[in-house]
Amino acid sequence: MTSTANTSTSSRRLPGAAAVALAATAALLAGCSSSSGTKSDNPLSGDKASGDTVVVGSNNFAESILLADIYGEALRAKGIKVTYKPNIGSRETTYGLLKNGSITVLPEYNGALLAYLDKKAGPKTVAATTAAINAKLDSKLTLLDPAPAQNKDSITLNAATANKYHLTEKSSIADLKDAAKDLVIGASPEFQARKQGLEGLKSVYKLEFKSFKALDAGGPLTQAALQKNTVQVADIFTTDPTIAREKFVVLQDTENLFGFENVQPLVSKSGLSQKGVDALNAVSAKLDSAALRDLDGQVQLDEKDPLDVAKAWLKSAGLD
């Protein structure tokens, strides 16, 4: 996933699933522009951020781009210079870019980050999750305050599959045990080897699927495959507005495999001033799951530019 020209602001608009996938692919392959049109380097380059500029990165799915815009524009509102490196890729890539100083701020999800850093960790509270992450983080990095907003991975079925096996939103992931051998599951490539993925589904829920189809991180490829029944089961994020639109069925994670998934900025200690820290913590304090789901719907279903959505929310929250 990775043209040789810088993309413009308009390329960040999300006019439907195919265009989202195309925009994400183009951004990865190209040197990307920021949401505001400010040019940035190839997101996979090792170029360091300049001393007076905060570089806000995002992973390669729509909500991460939106969150990067929200946090980045909150910094701009405080007079801090910001550039963006959107659509970078998976955590395996972004973590390295944070460590080497190529990006300064990344909107993270605490549970998934902890699973990446320590597969054996199983904290019981959000505070314990933060503490466990900070204990494993590279010394140059730190977490800021978690937001109330959570967006968890989920095991989600299309309506036809749920009806076939008599499963509802009250059913557990464990209820897939007998059917899994006949079903194809779709998710990001990394899902295959993660504890919060096939590994955990097998060890915790005893699920072994017919096959795995590598798609994207809960994005348009995964949504389309589930809708078209190319896969019958998928990892769809719980704030995804397509769940309601397509009548997908999210199964209950009764064993808490996917843990806590609060939005939480991961930052370079030396790259962000106290004014910047305070600005990001103020955003997180006001961002809850209902608000994030609504913002996602505006971007992914109403086809609004994520930058415009971010600015409007910041204004409504008194953070502009």
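Biologist: Which residues in α2 meet which residues in α10?

Modeller: Bearing in mind that this is a predicted model, Ile70, Tyr71, Ala74 and Leu75 in α2 meet Gly276, Ala279, Leu280, Val283 and Ser284 in α10. By class, this contact of α2 with α10 divides into seven nonpolar residues, two polar and no charged.

Biologist: Why is α2 called oblique to α10?

Modeller: The axes of α2 and α10, the latter spanning residues 274–286, come within 9 Å and cross at roughly 135°. Angles over 145 degrees count as roughly antiparallel and 65 to 115 as roughly perpendicular, with oblique kept for the rest, and therefore α2 is described as oblique to α10. As for handedness, α2 passes α10 in a right-handed crossing.

Biologist: How do you know that Lys206 is exposed rather than buried?

Modeller: Exposed requires a relative accessible area over 50%, and because Lys206 has 51% relative accessibility, Lys206 counts as exposed. Lys206 is found in the loop between α7 (195–205) and β7 (211–214), and has a positive phi of about 60° although it is not a glycine.

Biologist: What makes Lys247 exposed?

Modeller: The relative accessible area of Lys247 is 60%, to be set against the cut-off of over 50%, so Lys247 is exposed. Lys247 lies in the loop between α9 (242–246) and β9 (249–250), and it too has a positive phi of about 60° without being a glycine.

Biologist: How do you know that the span of helix α11 is close to what is expected?

Modeller: Helix α11, residues 289–300, has 12 residues and reaches 16 Å from its first C-alpha to its last, and the span expected at 1.5 Å a residue is 16 Å.

Biologist: Which residues of α11 are buried, and what covers them?

Modeller: Ser289, Ala291, Leu292, Leu295, Asp296, Gly297, Gln298 and Val299 are buried in α11, each having under 20% relative accessible area. Their cover includes α2 (62–77), β10 (263–268) and α12 (306–316).

Biologist: How do α11 and α12 pack, and which residues make the contact?

Modeller: α11 and α12 pack at an angle of about 145°, with their axes 9 Å apart. Ala291, Leu295, Gln298 and Val299 of α11 make the contact with Pro306, Val309 and Trp313 of α12, which by class gives six nonpolar residues, one polar and no charged.

Note on methods
Residues numbered from 1 in each chain as written. Predicted model: local features only at pLDDT ≥ 70, side-chain atom pairs only at ≥ 80, totals over all residues. Heavy atoms only, no water. Helix = DSSP H or I, 4+ residues; strand = E, 2+ residues; numbered from the N terminus. Expected span 1.5 Å × (residues − 1). Buried < 20%, exposed > 50% of the residue type's maximum accessible area, 1.4 Å probe, protein only. Contact = heavy atoms within 4.5 Å. Axes fitted to C-alpha atoms, helices over the stretch in contact; angles between N-to-C directions. Nonpolar A, V, L, I, M, F, W, Y, C, P; charged D, E, K, R; others polar. Parallel < 35°, antiparallel > 145°, perpendicular 65-115°, else oblique. Left-handed = near helix turned anticlockwise from the far one by under 90°.
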